[in-house]
Amino acid sequence: MMAEKNDWAPPSLKEQPFWRDGMTVEEYEKEREYLNTHLNELYSGTYKPLWKQNSD
């Protein structure tokens with residue numbers, strides 16, 4: 001039986017505004033970098049994680 005992809009993440013990481021179930025470590029790192037360069041959008045309420053942008 002395979003472990004779920006998000007078994008690697010402790011609960012504190014799952015509180016990030018870009019978290020989604022099934023996220024891989026690589027996806028998490030990419031989203032974290034994106035958030036760090038778009039903090040003004042987070043503060044203004046217009047932040048949209050990459051995975052949501054790609055699903056529209």
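Residues 24 or more positions apart account for 18% of the contacts in the chain with a separation of 6 or more, a contact being heavy atoms within 4.5 Å. The model is predicted: local features need pLDDT of at least 70, side-chain atom pairs count only at pLDDT 80 or more, and totals for chains, interfaces and linings use all residues. Residues are numbered from 1 along each chain as its sequence is written, and side-chain values use heavy atoms, with hydrogens and water left out.

**Overall architecture**

- The chain has 3 helices and 0 strands, and its pattern along the sequence reads α-α-α; helices (H or I, at least four residues) and strands (E, at least two) are DSSP runs, numbered from the N terminus.
- Of the 56 residues, 25% count as buried, where buried means under 20% relative accessible area, exposed over 50%, and partly exposed in between (1.4 Å probe, protein chains only).
- The chain exposes about 4,300 Å², of which carbon and sulfur atoms supply 52%; accessible areas come from the Shrake-Rupley method with a 1.4 Å probe, and for residues only the protein chains shown count as cover.

**Nonpolar core**

- The largest nonpolar core has 9 residues, namely A9, F18, W19, M23, Y28, Y34, L35, Y47 and L50.
- Such a core is a set of buried Ala, Val, Leu, Ile, Met, Phe, Trp, Tyr and Cys residues joined through side-chain atoms within 4.5 Å.
- Helix α1 (residues 25-37) gives the most to this core, with 3 residues.
- In soluble globular proteins, nonpolar side chains tend to be buried together.

**Helix α1**

- The 13 residues of α1 should span 18 Å at 1.5 Å a residue, and its end C-alpha atoms are 19 Å apart, which agrees; the expected span is 1.5 Å times one less than the number of residues.
- Y28, E31, Y34 and L35 are the buried residues of α1.
- These residues cover an arc of only 130° around the axis, which puts them on the same side of α1; the arc is that of the directions from the helix axis to the C-beta atoms.
- The exposed residues E26, K30, E33 and T37 are carried on the face of α1 turned away from its buried side.
- The cover over the buried residues of α1 includes α2 (39-44) and α3 (50-53).

**Aromatic pairs**

- A search of the whole structure finds 5 aromatic pairs; rings of Phe, Tyr and Trp (its six-membered ring) pair if their centres lie within 6.5 Å, with planes under 30 degrees apart counted as stacked, over 60 as edge-to-face and the rest as tilted.
- Y34 and Y47 form a tilted pair, 6.1 Å centre to centre with 40° between the planes.
- Because Y34 lies in helix α1 and Y47 in the loop between α2 and α3, the pair ties together parts that are 13 residues apart in sequence.
- Both Y34 and Y47 are buried.
- Not counting residues up to four places away in sequence, Y34 touches E41, Y47, K48, L50 and Q53.
- W8, F18, W19 and Y28 are linked into a cluster by ring pairs.

**The segment before α1**

- F18 is found in the segment before α1 and counts as buried, at 0% relative accessibility.
- Beyond residues up to four places away in sequence, F18 touches M23, Y28, E31, R32, L35, Y47, P49 and W51.
- The C-alpha atoms of F18 and L50, 32 residues apart along the chain, are separated by 8.0 Å.
- D21 also has its place in the segment before α1, but counts as exposed, at 63% relative accessibility.
- The C-alpha atoms of D21 and D7, 14 residues apart along the chain, are separated by 9.7 Å.
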